[in-house]
Amino acid sequence: MSLRMENNLTEGSALKKLVSFALPFLAANIMQSLYNVADMLIVGQFGSADGMAGVNIGGQVTFVLTNAVIGLCVGATALIGQYVGKGDMYALKRVTSTIISVLILSSVALTAAVLAFIGPVLRLIQTPADSYADSRAFLTVTVSGLIFIFGYNALAAILRGMGDSKRPFYFVSVACVTNVLLDLLFVAALRWSAFGAALATVISQALSMFLCIIYMTRHGFQFDFRLKSYRIYKDQLALILKIGLPAGFQNAIVSISFLFVTAVVNMTSGGSSIPSAAAGAVGKFNSFAYMPAAAMSASIATMSAQSFGAGKLDRAVKSCKMGMAFSIAVLYIFFGFVQLFPESVLRVFSSDPALIKAGVAYIRGVAFDFLLVPVIFCVNGLFIGGGHTFFTLMNSVMSSVLLRVPVCYLLGITLNMGLFGVGLGVPVASAGSLIAIVIFLLTGRWKRNAIKHADGGSEFGTCAQPPE
């Protein structure tokens, strides 16, 4: 089966298309989240709080880099979706070649840069002495495998932009099972702690990337992965950077803000690894809670991109509304569960009474974010589909830099509210982001396709206005 027009999302039932695309994407996100969750669970059960803190702290740094490249891939996904909606296969070939080539070069450069500054980075975020060795080991191994992390995310983004969310799910599922088995070998049997968990993650990511490559080369993909085919087209790079750089910076800033939230958590520790380990466990649980909204956001972005390309803005708006309704229903259930049974969440990761107590305080505060995230994620998906990533970037800068980190520090440290206060700072930042989104919606500027040629004209034409 050719990959040329895997799934045109601009035709047929909007609800059916959205659900059929979102469910495999959601499943793939859950599977990918299992990488880090499995690391935390197995290190927690067969290692120590120091090892758990090492996985959390080292993983947070790697997450900044991974999120940045995922944001850049958002630009490629939006372009690919619009080219599919327009039916422009020549441009589709050029943009896929460009994004693959750029990310390979970026992964090599970032690996060298981060390996040179691991020590200063860990000291900057107040890494406790007890977990420093584990944090350094985890970060060193995962950064060394950035080319596989970047490669998989780039190829998965290309497939999703073409409307195929099933294959990335299949590939990441195989890799997830591999990761769990390797975790059991490296951590439970060989007692390699955070180092073993990191090694299992990198090997599994490499497997998922090579599975993508094998599938694409066997099914008529426009890029053949031969050395001569790696090429960067300046016009496509300019468009990818225009759309993807703001999204990449946005993801990086959000991740960095949570990295500094980790630093604030470490400030409450008094040198102990317990608060960081507890916050890490809560973070892994939250990654699951956010998955439905994240999957809907990405699905809405792809469907909106194809709809903008086809001049069907009303269909983009409809997909956003349906995705938001689903996300709200799921995340509100998570909120209720966390408030009623917080101890149950923490016991999955550890039986340490001190860790559970610290985690309960943190999760009760941060869980209020579940009430706001469904709306923010889904509307951002609509904006990204139309190329409005500059707004999402500015909004993230505002909520992350001006609100999240300062408020977490104010509530947790200055007002001495501890981990509950640190957690509560997260939804406060989201509330500020939601206010900015409402204002942008009221301006109506989001209705215009932001992806344009150098001459200033819309590359894909003017979208029809949605019905009143």
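Biologist: Leaving aside its neighbours within four places in sequence, what is F285 in contact with?
Modeller: F285 is in contact with F334, V338, V345, F349, I363 and F370, leaving aside neighbours within four places in sequence. Contact here means heavy atoms within 4.5 Å. Bear in mind that this is a predicted model, where local features need pLDDT of at least 70, side-chain atom pairs count only at pLDDT 80 or more, and totals for chains, interfaces and linings use all residues. Residues are numbered from 1 along each chain as its sequence is written, and side-chain values use heavy atoms, with hydrogens and water left out.

Biologist: Thanks! Which helix does F285 lie in?
Modeller: F285 lies in helix α10. Helices (H or I, at least four residues) and strands (E, at least two) are DSSP runs, numbered from the N terminus.

Biologist: And is F285 buried or exposed?
Modeller: F285 counts as buried, at 13% relative accessibility. Buried means under 20% relative accessible area, exposed over 50%, and partly exposed in between (1.4 Å probe, protein chains only).

Biologist: How many aromatic pairs does a search of the whole structure find?
Modeller: The search finds 14 aromatic pairs. One of them is F285 with F334, an edge-to-face pair at 5.9 Å centre to centre and 70 degrees between the planes. For the cut-offs, rings of Phe, Tyr and Trp (its six-membered ring) pair if their centres lie within 6.5 Å; planes under 30 degrees apart count as stacked, over 60 as edge-to-face and the rest as tilted.

Biologist: What does the pair of F285 and F334 tie together?
Modeller: F285 is in helix α10 (residues 274-309) and F334 is in helix α11 (residues 313-340), so the pair ties together parts that are 49 residues apart in sequence. F334 counts as partly exposed, at 23% relative accessibility. Both rings also belong to one aromatic cluster, formed by F285, Y290, F334, F370 and F377.

Biologist: Changing topic: how many salt bridges does a search of the whole structure find?
Modeller: The search finds two salt bridges. A salt bridge is a side-chain nitrogen of Lys or Arg within 4 Å of a carboxyl oxygen of Asp or Glu. The side chains of D235 and R94 meet in one, at 2.5 Å, N to O. D235 lies in helix α9 (residues 234-267) and R94 in helix α3 (residues 89-116), so this pair ties together parts that are 141 residues apart in sequence.

Biologist: Is R94 buried or exposed?
Modeller: R94 is buried, with a relative accessible area of 14%, whereas D235 is partly exposed at 41%.

Biologist: Which residue forms a salt bridge with D164?
Modeller: R167 does, and the closest N and O atoms are 3.6 Å apart. Both R167 and D164 are buried.

Biologist: What about helix α7, what should its 24 residues span?
Modeller: At 1.5 Å a residue, helix α7 (residues 166-189) should span 34 Å, and its end C-alpha atoms are 34 Å apart, which agrees. The expected span is 1.5 Å times one less than the number of residues. Just after α7, R191 takes a positive phi of about 60 degrees.

Biologist: What does F171 touch, not counting residues up to four places away in sequence?
Modeller: F171 touches L159, S208, L211, C212 and Y215 on that basis. F171 lies in helix α7 and is buried, with a relative accessible area of 10%.

Biologist: And how many residues of α6 are buried?
Modeller: In α6, 14 of its 16 residues are buried, so this helix is mostly covered. G163 follows α6 and has a positive phi, near 95 degrees.

Biologist: Now the surface: which residues form a nonpolar patch there?
Modeller: I104, V108, I147, L227 and Y230 form the patch, with about 450 Å² of accessible area together. Patches are made of residues with over 30% relative accessible area and no salt bridge; like charges are joined within 9 Å, and nonpolar side chains (Val, Leu, Ile, Met, Phe, Trp, Tyr) within 5 Å. Accessible areas come from the Shrake-Rupley method with a 1.4 Å probe, and for residues, only the protein chains shown count as cover. L227 lies in the loop between α8 (193-218) and α9, and counts as exposed at 76% relative accessibility.

Biologist: Last one: where is H388?
Modeller: H388 is in the loop between α14 (373-385) and α15 (389-414). H388 counts as buried, at 11% relative accessibility. Not counting residues up to four places away in sequence, H388 touches F383, F440, R445, W446, R448 and A450.
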